[in-house]
Amino acid sequence: MSGLICLTTESIWFDKNRYDEAEKRFYEGVNGPATQQQQQAKGRQQKRRHRNSSSHAGDQELVSRMKSLELENQTLHKVVVEMRATLQKLESRVAVLEKSPTPAAIPAAKVAPVKQEKVINGDDDDIDLFGSDEEDEEAERIKQERLEAYAAKKAKKPALIAKSSILLDVKPWDDETDMAKLEECVRSVQMDGLLWGASKLVPVGYGIKKLQISCVVEDDKVGTDILEEEITKFEDYIQSVDVAAFNKI
């Protein structure tokens, strides 16, 4: 009994843990809103910094654009100054040309006194309103003489004759044909504007050879058709004639 009485008289806190937990929760609840306010304040500061940095970047871009516009303005100013100087030079040249007499006005000034003397010294019937026929005749005579001289000079030049070089293949009937006689027959063809050249025998096959002969012809006088027709008349020796090559000279 004495022990219980002593405990009742002592001031002992049996629920201290529960109260400590309650105190902790209380202070956590109190400090919570303060922490949110600090976070909101930090967010506002970051937004302000972002705005300041973006405005600073915008200011720099604006400054660079203004500098580029100033450079363009200076360039355009130089171009305008050069164009004005060129325009002034052109105006001065035009003014000089307008002041100087034209070439057509000088002969007119020289001829005018002659006509005036003719009017003063002569009668009204001597006035020539349409020019002198003698001057026209003299000019026509000089023109005709020049044309005749040019025609005579042109006639003296030798006319250019168009020529062609032809290579013919003359084929015999068989290997027993006398090729020397065949060539003699071919060269016996003579025309105005035809000149025979070198020849040779070319093997064809089976012991047969063909005569390959060149000639030069004047295009206006000798044609390939006439030449082939004349050669093939020697039908005892010649089977056919072909044009192997044809070149203009």
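The model is predicted: local features need pLDDT of at least 70, side-chain atom pairs count only at pLDDT 80 or more, and totals for chains, interfaces and linings use all residues. Residues are numbered from 1 along each chain as its sequence is written, and side-chain values use heavy atoms, with hydrogens and water left out. The structure holds 10 salt bridges, a salt bridge being a side-chain nitrogen of Lys or Arg within 4 Å of a carboxyl oxygen of Asp or Glu.

**Thr177**

- Thr177 sits in the loop between strand S1 (163-172) and helix H5 (179-187); helices (H or I, at least four residues) and strands (E, at least two) are DSSP runs, numbered from the N terminus.
- The relative accessible area of Thr177 is 13%, so Thr177 is buried (buried is under 20% relative accessible area, exposed over 50%, partly exposed in between, with a 1.4 Å probe and protein chains only).
- A polar contact of 3.1 Å joins the side chains of Thr177 and Asp174 (a pair of N or O atoms within 3.5 Å; within protein, one must be able to donate a hydrogen and the other to accept it, and residues adjacent in sequence count only if both atoms are side-chain atoms).
- Leaving aside residues up to four places away in sequence, Thr177 touches Pro172, Leu182 and Tyr237, where contact means heavy atoms within 4.5 Å.

- Lys210 and Asp169 form a salt bridge through their side chains, at 3.2 Å from N to O.
- This pair links distant parts of the chain, with Lys210 in strand S3 (residues 208-218) and Asp169 in strand S1, 41 residues apart.
- Lys210 counts as buried at 16% relative accessibility, and Asp169 is buried with a relative accessible area of 10%.

- In the salt bridge of Lys221 with Glu218, the closest N and O atoms are 3.3 Å apart.
- Lys221 is partly exposed, with a relative accessible area of 44%, whereas Glu218 is buried at 15%.
- The side chains of Lys248 and Asp219 meet in a salt bridge of 2.7 Å, N to O.
- Lys248 lies in strand S4 (residues 238-248) and Asp219 in the loop between S3 and helix H6 (224-231), so this pair ties together parts that are 29 residues apart in sequence.
- Lys248 counts as exposed at 59% relative accessibility, while Asp219 counts as partly exposed at 24%.
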